[in-house]
Amino acid sequence: MSFQVEFKVRDYECDLQGIVNNSVYFNYLEHARHEFLAAKNIDFAQLARDKVNLVVIRSEMNYKDSLKPGDAFYVEVEVERLSRLKFAFNQKVIRAADNKLMLDAVVTGTSVNEKGRPFVPEQLEQLFA
């Protein structure tokens, strides 16, 4: 079972067409990833203070349908190891009223140390055990 975070569309997130602006989905996905990490006892802010930066290196988003003001929805998050240095967050945005898939995404990342060199810290290794 994947991790889920619940949301509700706010009016100001919509464009002139009356639908959620495509750029807003990046915020939904990012917040869900941070909540996922917190649920796994990984403090994103503490990692940054420790000079370990989690970075996105690729985002793929497939828009299936549009959310509208007031829509309740949830974002599912699953993580997978892609290589020794890369991992992917597989995410879905699902409208709660009918469980309709609105967007699916793959956000690929890595982590870098204070010298900008990629590595996967111990804290993240637990996600792939």
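**Briefing on a predicted protein model**

Of the 129 residues in this protein, 38% count as buried. The structure is a predicted model, with a mean pLDDT of 95 and with 99% of the residues reaching 70 or more. Three helices and six strands make up its secondary structure, and from the N terminus on these elements follow the order β-α-α-β-β-β-β-β-α. The radius of gyration is 16 Å, close to the 14 Å that the globule rule gives for 129 residues, so the protein is as compact as a globular protein of that length.

**Overall dimensions and surface**

- Along its principal axes, the C-alpha trace of the protein spans about 45 × 30 × 20 Å.
- The accessible surface of the protein comes to about 7700 Å², and 46% of that surface belongs to carbon and sulfur atoms.
- The protein carries 17 positive and 19 negative side chains, and the centres of these two sets lie 5 Å apart.
- When contacts between residues at least 6 apart in sequence are considered, 64% of them join residues at least 24 apart.

**Confidence by element**

- Among the elements of the protein, strand β1, which covers residues 3-8, has the highest mean pLDDT, at 98.
- The lowest mean pLDDT among the elements, 90, belongs to helix α3, which covers residues 122-125.

**F3 and its surroundings**

- Leaving aside residues up to four places away in sequence, F3 touches A32, E35, F36, A39, V75, E76 and V77.
- F3 and A97 are 94 residues apart along the chain, and their C-alpha atoms are separated by 19 Å.

**Loop residues with positive phi**

- Most residues other than glycine have a negative phi.
- N41, a residue other than glycine, has a positive phi near 65°, and its place is in the loop between α1 (24-39) and α2 (44-49).
- With a relative accessibility of 72%, N41 counts as exposed, because that value is over the 50% cut-off.
- N99, also a residue other than glycine, has a positive phi near 55°, and its place is in the loop between β4 (87-95) and β5 (100-112).

Key: Residues numbered from 1 in each chain as written. Predicted model: local features only at pLDDT ≥ 70, side-chain atom pairs only at ≥ 80, totals over all residues. Heavy atoms only, no water. Helix = DSSP H or I, 4+ residues; strand = E, 2+ residues; numbered from the N terminus. Rg over C-alpha atoms; globule rule 2.2 N^0.38 Å. Buried < 20%, exposed > 50% of the residue type's maximum accessible area, 1.4 Å probe, protein only. Contact = heavy atoms within 4.5 Å. Areas by Shrake-Rupley, 256 points an atom, 1.4 Å probe, with all protein chains shown as cover. Lys, Arg positive; Asp, Glu negative; His and termini not counted. Charge placed at Lys NZ, Arg CZ, Asp CG, Glu CD. pLDDT = per-residue confidence, 0-100.
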